[in-house]
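Thanks for coming. I will walk through one structure, going from the overall layout to a few individual residues. Please have a look at it first.

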Amino acid sequence: MVLENDRPLTTGRGGELTAIITAGAIGAARRRSTCHSEHVITYSDDLTGTDPQQLHGFFQHWAGAPDPATHLRVLEGSSAVVLAQDEGNQQVVGFITAITDGVLCAYIPLLEVLPEYQNRGIGSELLRRMLRKVEHLYMVDLMCDPEMQPFYERVGMQPASGMMIRNWARQAGS
Ligand SMILES: CC(C)(COP(=O)(O)OP(=O)(O)OC[C@H]1O[C@@H](n2cnc3c(N)ncnc32)[C@H](O)[C@@H]1OP(=O)(O)O)[C@@H](O)C(=O)NCCC(=O)NCCS
């Protein structure tokens with residue numbers, strides 16, 4: 001995790017929380033250094049003003065990847081979203097979605113951080129923020145590969161088994 005301890009989270013635009021992360025090795029992250037480029041990351045649950053142009057680079061590991069316009073439709077159709085945005089270039093660099101009945105159940109279908117922003121705590125922060133949004137519900141589920149389970153256990157989730165259907169012809173969402 002590379003949030004700087006000596007720079008507390010600060011309130012940004014529209015009450016969003018902003019964190020400064022430093023590119024480079026984790027050990028170097030606690031020290032500000034001009035040798036490293038800095039990225040100011042803003043977290044938001046508001047899609048207002050979000051444009052498909054800000055959503056490039058996601059779903060690279062998908063054979064049939066949704067395009068940015070379809071990605072925006074996914075975000076808009078979700079019950080809740082949290083975005084991580086690089087204030088420098090205004091690009092969305094990470095996102096998480098949830099679908100919920102608002103009474104008992106929520107499902108977290110998508111969590112992704114752009115490869116060049118991974119391993120800096122952004123994915124964990126997105127997950128923590130989404131879990132706070134659904135903490136009043138009875139059950140919160142997601143599917144993941146076994147090797148990802150330690151990542152989710154760190155925020156208090158428990159391993160489970162599940163079932164699924166994948167309609168691969170519809171993977172791109174269009
Ligand atoms: C999973 C993902 C969202 C994590 O985002 P991130 O910003 O790198 O997360 P953090 O920096 O908070 O935490 C990174 C941790 O996740 C672990 N992790 C990431 N991908 C992993 C994988 N495929 N298998 C096992 N662990 C993984 C890292 O090893 C690291 O662990 P460490 O802190 O013990 O070193 C990101 O790797 C990603 O977008 N992956 C591709 C999409 C994906 O797999 N989404 C999850 C679907 S269940």
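Let me start with a definition: two strands pair if DSSP finds at least two bridges between them. The strands and helices themselves are DSSP runs, numbered from the N terminus, with helices being H or I of at least four residues and strands being E of at least two.

Now, two notes on the source. What you see is a predicted model, where local features need pLDDT of at least 70, side-chain atom pairs count only at pLDDT 80 or more, and totals for chains, interfaces and linings use all residues. Residues are numbered from 1 along each chain as its sequence is written.

The overall layout, then. The chain has three helices and seven strands. Read from the N terminus, the order is β-β-β-α-β-β-β-α-β-α. I will call a residue buried if 20 or more other C-beta atoms lie within 10 Å of its own, exposed if 12 or fewer, and partly exposed in between, with C-beta atoms placed from the backbone. By that count, 22% of the 174 residues of the chain are buried. Two residues are in contact if their C-beta atoms, placed from the backbone, lie within 7 Å. Among contacts between residues at least 6 apart in sequence, 50% join residues at least 24 apart.

Next, the strands, with β5 as the reference. Strand β5 covers residues 92-100, and seven of its nine residues are buried. On one side, β5 pairs with β4, residues 80-86, in the antiparallel sense over six bridges. Within that pairing, Ile-96 of β5 is the bridge partner of Val-82.

With β7, residues 139-141, β6 pairs in the parallel sense over three bridges. In that pairing Ala-106 stands opposite Val-140 of β7.

What lies at the centre of the packing? A nonpolar core, in the sense used here, is a set of buried Ala, Val, Leu, Ile, Met, Phe, Trp, Tyr and Cys residues joined through C-beta atoms within 7 Å. The largest such core has 23 residues, and those touching the most other members are Val-82, Ala-84, Phe-95, Ile-96, Ile-122, Leu-126 and Met-130. At least two residues of this core come from each of β3, β4, β5, β6 and α2. β5 gives the most, with five residues. Beyond its neighbours within four places in sequence, Phe-95 is in contact with Leu-75, Val-81, Val-82, Leu-83, Glu-112 and Leu-126.

On the helix side, the buried residues of α2 are Ile-122, Glu-125, Leu-126, Leu-127 and Met-130. They pack against β3, β4, β5 and β6.

There is also a ligand. A residue counts as near it if its C-beta atom, placed from the backbone, lies within 6 Å. The ligand is surrounded by 14 residues, the closest being Val-113, Gln-118, Gly-123, Ser-124 and Cys-144. β6 and α2 each supply at least two residues of this shell.

Is Asp-86 buried or exposed? Asp-86, which lies in strand β4, counts as buried because it has 20 C-beta neighbours inside 10 Å. Leaving aside neighbours within four places in sequence, Asp-86 is in contact with His-39, Ile-41, Gln-91 and Val-93.

The other two have a positive phi without being glycine. Phe-59 has a phi near 60° and lies in the loop between β3 (38-44) and α1 (68-77). Phe-59 has 20 C-beta neighbours inside 10 Å, so it counts as buried. Gln-90 has a phi of about 65° and is found in the loop between β4 and β5. Gln-90 is partly exposed, with 13 other C-beta atoms within 10 Å.
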